[in-house]
Amino acid sequence: MVRFLLVFVALVALSGPSLAQNNVGGKQFCSKYAENVSRIAKNAIAQNSSCFDPDKGMHGDYQSHYNWCMRTPRASVKGAAKNIRRLARQCRAQASGNRPGGDRFCQQYASSAADVSKQAIARNPACLMPDKGVHSYYKGHYDWCMKTPRATVEGAAKNIRRLARACSR
């Protein structure tokens, strides 16, 4: 009886890793996953380069997606695929201008905000207030705009002009 119990415990212990491995995707599943999400991410990044975010899976590296899938439970992989599709939709909407903002609007905003800030800072160096958006860094204004709803950006533009006028007097 003891011998049978030892054999049973050994079999269960040895089958543990294989049972856990059955929960991960497998070659075919992971290949499809990696092919789909890397294509989805590449397309979104091509339309809007600010979509590139490897920490969130927004990259086109097939092998990286595949390797991650091979060591991750299927439920997590399915959730990641859903999240990558959601992020890609958001990025495509930003790039196409369907979201408030859009590329041309953000270029104009960034140029204006940087110019207004630069003029105010030239008159009074104490006007430099990066935490309030009063700075002359075009890319910072542009990147922020591309991630922010248009109404919020419009409000920030008014606030930057107000702060710059008040500070440079």
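In the predicted model, the axes of helix α2 (residues 27-47) and helix α3 come within 8 Å and cross at roughly 140°. With this angle, α2 is oblique to α3, an angle over 145 degrees being needed to count as roughly antiparallel. The crossing of the pair is right-handed. On the α2 side, the meeting residues are K27, F29, C30, S31, Y33, A34, E35, V37 and S38, and on the α3 side they are Y62, H65, Y66, W68, C69 and M70. By class, the residues of this contact divide into ten nonpolar, three polar and two charged.

H65 sits in helix α3, which covers residues 62-70. Is H65 buried or exposed? With a relative accessible area of 4%, H65 is buried, the cut-off for that label being under 20%. Leaving aside residues up to four places away in sequence, H65 touches Y33, A34, V37 and S38, together with G57, H59 and I84. Y33, A34, V37 and S38 are also among the α2 residues that meet α3.

V24 lies in the loop between α1 (2-22) and α2, and at 19% relative accessibility V24 counts as buried. Which residues does V24 touch, not counting those up to four places away in sequence? They are C69, M70, R71, T72, P73 and R74. C69 and M70 also take part in the contact of α3 with α2. As for V77, its C-alpha atom is separated from that of V24 by 8.6 Å, although the two residues are 53 residues apart along the chain.

Stepping back to the whole chain, the secondary structure comes to seven helices and zero strands, and the elements run α-α-α-α-α-α-α from the N terminus on. Of the 169 residues, 34% count as buried. Among contacts in the chain with a separation of 6 or more, 70% come from residues 24 or more positions apart.

From α5, the contact draws on F105, Y109, A113, V116, S117 and A120, while α7 supplies R150, V153, E154, A156, A157, I160, R161 and A164. The residues of this contact divide into ten nonpolar, one polar and three charged.

The other packing is that of α6 with α7, at an angle of about 150° and with the axes 10 Å apart. These two helices are therefore roughly antiparallel to each other, and their crossing is right-handed. Here H141, W144 and C145 in α6 meet T152, V153, A156 and I160 in α7. The residues of the contact divide into five nonpolar, two polar and no charged. V153, A156 and I160 are also among the α7 residues in contact with α5.

Within helix α6 (residues 138-146), H141, Y142, C145 and M146 are buried. Seen down the axis of α6, these buried residues fall within an arc of 130°, so they line one face of the helix.

Key:
Residues are numbered from 1 along each chain as its sequence is written. This is a predicted model: local features need pLDDT of at least 70, side-chain atom pairs count only at pLDDT 80 or more; totals for chains, interfaces and linings use all residues. Side-chain values use heavy atoms; hydrogens and water are left out. Buried means under 20% relative accessible area, exposed over 50%, partly exposed in between (1.4 Å probe, protein chains only). Helices (H or I, at least four residues) and strands (E, at least two) are DSSP runs, numbered from the N terminus. The arc is that of the directions from the helix axis to the C-beta atoms. Contact means heavy atoms within 4.5 Å. Ala, Val, Leu, Ile, Met, Phe, Trp, Tyr, Cys and Pro count as nonpolar, Asp, Glu, Lys and Arg as charged, and the others, Gly among them, as polar. Axes are lines fitted to C-alpha atoms, for helices over the stretch in contact, and angles run from 0 to 180 degrees between N-to-C directions. Angles under 35 degrees count as roughly parallel, over 145 as roughly antiparallel, 65 to 115 as roughly perpendicular and the rest as oblique. A crossing is left-handed if the near helix is turned anticlockwise from the far one by less than a right angle, and right-handed if clockwise.
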